[in-house]
Amino acid sequence: MRASLATSIAVTCAAVLALPVSLAAPAAATAPPAVAALPPGPEQLPGSTQSLPLEPLGDSVRGFGGGTGSDPGERGLARRDVRPFSLVGVVWDDPTVALHGTVQVRTRATGGGIWSEWQDVETHNDEHGADPGTAEGAGPALKGSTAPLWVGDSDGVEIRVRGEEQLPEGLRLELVDPGADRAGTVPQVRTAAVPAGPTAAEAAASAVNSQLVPYGAAWIPALSKEATEVTFRHFPGEAQRPQTTPAKATTQAAPVAAAAPVAAKPYIGPRPKIITRKGWGADEKLREKGFVYTKSIKAAFVHHSATGNNYTCGQAPSVLRGIYRYHVLSSGWRDFGYNFAVDKCGNIYEGRAGGVAKPVLGAHTLGFNTNSMGVAVLGTYSKTNPPAAVLTAVAKLTAWKLGLHGVNPTSTTYLTSGGGNLYKKGTKVKLRTIAGHRDGFATECPGARLYGKLSTARTTSAKYQGRL
């Protein structure tokens, strides 16, 4: 399952440095907000995970009924001091087994001694992940898992789990510390030579965006619609063409396509500003080596991360690092599951590695990851309306990325199911080109309030493309 690097760093970097100047970021680009601060250097890459086995609730632990005493259908941990963490989740041994029940945690703010109220952890997380039968979907490291929940800086925890039927074996509480951002750094697009000492994984993750931005950039600047169209004409088909077969991973530098005639006014929205994995501090040593691509992008699935809304936009990179660590080290996925993420202030982030303009195969919509992209809005939108900035960001991102593949945001398409609880494997399904997760799987995701706003996002996206 673990693929090896196919290209030496010297070759990759040489390809990056040979890029045409016209495709580099504009020198006068406006700096992004502080949320895109550069992460710590390789020697300070942040993060850790504490994994604690859950126990039968004994006489000293208050259960769901408010009393004490053992209950074979309950597991948990009494209040305890732990090392600092900010994100929690529960995992278990068998990824094919669902946790039917309730998971609640309460945490203590670091240094303050104040305990939170009980918070629900979303247990229906099996609808996310790689398609059944794929290399990632059958990996030996896979675990069953709840959605992660962001709780903020904490150093104490208590948890209780009640099953509506027999609980899965091997229940463990995962406490994730995403690490702190380096304070006082100013984000910049780097135009200097390749910095000394990058790991192979760091070099590869940056090089796949080399036709959009110089090596090592913390963010990809926005372009006007006209500039985006010019870039598309220089490299027509580059975003559309997979760089390897879906079953094989590689980090080989993307070949440059020869110029070819395209429509006079391609329906491509202006490229939005995108904070790179470098910008939010992804530790590239965590993910599997290499990248996996699908054939094209025919649809975008919108999700909510179900991590709660108790984060500031300045904390969004930490939330991403926490989810990333949980996806890879706790749940056993090859990388961050979603292709892109959007925070509640409308900042857009590169998710799964492989190149923001390329058809990277994600693990976001079980059964429909092939020929699609996944966009996760950080937060929970079952009862909370998404901010206007979120809908604008989703519209801008889809107008650009779907436009690279000639897709109309207000149209429909057909995808073949890889297997799920709504459509059996092999079923050809008609879907909106901007769909909610629940359109492909019986799930509450992306939350009723966000799902109800997708029609607005579709119309706005089509306007950005110049179709309306």
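This is a predicted model: local features need pLDDT of at least 70, side-chain atom pairs count only at pLDDT 80 or more; totals for chains, interfaces and linings use all residues.
Modeller: Residues are numbered from 1 along each chain as its sequence is written, and side-chain values use heavy atoms, with hydrogens and water left out.

Biologist: How many disulfides does a search of the whole structure find, and which residues form a disulfide?

Modeller: A disulfide is a pair of cysteine sulfur atoms within 2.5 Å. The search of the whole structure finds 1. The sulfur atoms sit 2.0 Å apart, and the residues are Cys 313 and Cys 345.

Biologist: Where in the chain does each cysteine of that pair lie?

Modeller: Helices (H or I, at least four residues) and strands (E, at least two) are DSSP runs, numbered from the N terminus. The pair links distant parts of the chain, 32 residues apart. Cys 313 is in the loop between β11 (299-304) and α5 (316-330), and Cys 345 is in the loop between β12 (340-342) and β13 (348-350).

Biologist: Is Cys 345 buried, partly exposed or exposed, and what about Cys 313?

Modeller: Buried means under 20% relative accessible area, exposed over 50%, and partly exposed in between (1.4 Å probe, protein chains only). Cys 313 has 13%, so Cys 313 is buried. Cys 345 has 46%, so Cys 345 is partly exposed.

Biologist: Why does the span of helix α6 agree with its residue count?

Modeller: The expected span of a helix is 1.5 Å times one less than its number of residues. Helix α6 (residues 388-404) has 17 residues, so it should span 24 Å. The end C-alpha atoms agree with that, at 25 Å apart.

Biologist: How many residues of α6 are buried?

Modeller: Helix α6 is largely enclosed by the rest of the structure.

Biologist: Which residues touch the most other members of the largest nonpolar core?

Modeller: A nonpolar core is a set of buried Ala, Val, Leu, Ile, Met, Phe, Trp, Tyr and Cys residues joined through side-chain atoms within 4.5 Å. The largest one has 32 residues. Its largest share, 8 residues, comes from α6. The residues touching the most other members are Phe 340 and Trp 400.

Biologist: Which residues are in contact with Trp 400, leaving aside its neighbours within four places in sequence?

Modeller: Contact means heavy atoms within 4.5 Å. With those neighbours left aside, the list is Thr 228, Ile 268, Gly 269, Pro 270, Arg 271, Pro 272, Ile 274, Val 356 and Ala 357.

Biologist: Are the rings of Phe 301 and Phe 368 stacked, tilted or edge-to-face?

Modeller: Rings of Phe, Tyr and Trp (its six-membered ring) pair if their centres lie within 6.5 Å; planes under 30 degrees apart count as stacked, over 60 as edge-to-face and the rest as tilted. The centres of Phe 301 and Phe 368 are 6.2 Å apart. Their planes are at 40 degrees, so the pair is tilted.

Biologist: Which residues form one aromatic cluster?

Modeller: Start with the rings of Phe 336 and Tyr 338, whose centres are 5.9 Å apart. Their planes are at 65 degrees, so that pair is edge-to-face. The cluster is Trp 280, Tyr 324, Phe 336 and Tyr 338.

Biologist: Which residue lies over the face of Tyr 324?

Modeller: A charge sits over a ring if NZ of Lys or CZ of Arg is within 6 Å of the ring centre and within 35 degrees of the ring normal. At 5.0 Å from the ring centre of Tyr 324 lies Arg 277.
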